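Please keep the sequence and the model in view while reading.

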Amino acid sequence: MAFEPPRRLVRALGETAPEGDDWLEKLPGLAREAVERRELTVERVQLPGGRSSLVVLVRRADGTPAVLKLAPPRARPESERVALAHWGGRGAVQLLEPVSEGAGGSEGVLLLERLHPDVSVRTLPEAKALLEAAGTLRRLWVDPPEGHVFETVAERTGRQAKAMRAGADAAPEVAPLVDAALSAREELLDSPPEHRLLHGTFRQSKVLSGDRMPWLAVGPDPVVGEHAFDLARLVRDRVEDLIAQPSGATTTRRRVRRLAESLEVDRDRLRGWTLFRAVESGVRARRVGRERDAELLLEFASWL
């Protein structure tokens, strides 16, 4: 079978690829090797797929359905492997290979429990989707493993802050929002209330229907920090719908309040991290030429 990377993946990785990166060119060969090593039968490549990895629906030698995921080093797949192993299927997709078996020439390759890839909580009415997503997220907030090497919120947002400052210099009209977001970050990092293992990139589309449990999280980019940072990305889910509403700003502030109350997170801290993450995403979208996305995200951020 030809493992042609989906256009969505090619486009997304092309926006962030460092000079000389040839992972996409090597991907078909990497996929064939991973399939052969594990004696898998390929059903199909999942389309449209994700923005950071190739997802292949497969069956193991005993006929069990599974998912083979291949991701480039910059997507931190080994951190994902360690986090999934630590969660052990509680609230997240089950890793089907022990961490030790994933190494030895297969870095960036994960064999995972098969969920229902076309059924996420986004298929539910909005209120129900937020409720189910929040309940799933709560199960992931555990103490990180001893001696972990996960990135911290301070480290990740520190890298992002540098790019945001550069973006503000290039586009002075976004400077006030960038300044507000960076100020919020400094205040939030001064006294974080907890240091827990977080999903890192949680949103409704990252919660899929399963057989073992009704809903399970996939695709973490794990980070260690406070709960509000993880919840912040969920606040802006369906941002296009929020922007289209005449009462979008009011709905957004109500969503912050309800999510904070339901997960016992400080409302002001959630608002602050939501602001930072929305501005960071907006500036990054503008940097790579996704002007429509940038416009939506920055308008959303202005409501906070």
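Helices, here labelled H, are DSSP runs of at least four residues, and they are numbered from the N terminus. The model shown is predicted, and that should be kept in mind throughout.

By residue class, the lining of the second largest pocket consists of 6 nonpolar, 4 polar and 5 charged residues.

Charged side chains also meet elsewhere in the model. A search of the whole structure returns 23 salt bridges. One of them joins Arg 74 and Asp 21, with a distance of 2.9 Å from N to O. This pair links distant parts of the chain, the two residues being 53 residues apart. Arg 74 belongs to the loop between strand S3 (65-70) and helix H3 (77-87), while Asp 21 belongs to the loop between helix H1 (7-16) and helix H2 (23-38). Are the two partners buried, exposed or partly exposed? Arg 74 counts as partly exposed because its relative accessibility is 28%, and Asp 21 is likewise partly exposed because its relative accessible area is 33%.

Lys 26 and Asp 22 meet through their side chains at 3.7 Å, N to O. Lys 26 has a relative accessibility of 47% and therefore counts as partly exposed; Asp 22, at 32%, is also partly exposed. The side chains of Arg 286 and Glu 291 form another salt bridge, again with an N to O distance of 3.7 Å. Here Arg 286 has a relative accessible area of 26%, so it is partly exposed, and Glu 291 is partly exposed at 43%. Salt bridges can also be joined to one another: Arg 76, Glu 151, Arg 156, Arg 159 and Asp 221 are linked in a network of them.

How many aromatic pairs does the structure hold? There are 3. Among them is the pair formed by Phe 229 and Trp 273, whose arrangement is edge-to-face, with 5.2 Å between the centres and 90 degrees between the planes. This pair links distant parts of the chain: Phe 229 is in helix H8 (residues 227-235) and Trp 273 is in helix H11 (residues 267-287), 44 residues apart. Both Phe 229 and Trp 273 are buried. Ring pairs extend the group to a cluster of Phe 229, Trp 273 and Phe 276. A charged residue is also found at this site, for Arg 277 lies over the face of Phe 229, at 4.2 Å from the ring centre.

A cis peptide bond joins Leu 47 and Pro 48, with omega at about 5 degrees. Pro 48 is located in the loop between strand S1 (41-45) and strand S2 (54-59). Another proline, Pro 28, is found within helix H2, and its relative accessibility of 21% means that Pro 28 counts as partly exposed.

Finally, which residues other than glycine have a positive phi? Glu 39 has a phi near 55 degrees, and Arg 238 has a positive phi of about 55 degrees. Glu 39 is placed in the loop between H2 and S1, whereas Arg 238 lies in the loop between H8 and helix H9 (239-244). Are these residues buried or exposed? Glu 39 counts as exposed because its relative accessibility is 58%, while Arg 238, at 13%, counts as buried.

Technical notes
Residues numbered from 1 in each chain as written. Predicted model: local features only at pLDDT ≥ 70, side-chain atom pairs only at ≥ 80, totals over all residues. Heavy atoms only, no water. Salt bridge = Lys/Arg side-chain N within 4 Å of Asp/Glu carboxyl O. Buried < 20%, exposed > 50% of the residue type's maximum accessible area, 1.4 Å probe, protein only. Nonpolar A, V, L, I, M, F, W, Y, C, P; charged D, E, K, R; others polar. Phe/Tyr/Trp six-rings, centres within 6.5 Å; stacked < 30°, edge-to-face > 60°. Lys NZ or Arg CZ within 6 Å of the ring centre and 35° of its normal.
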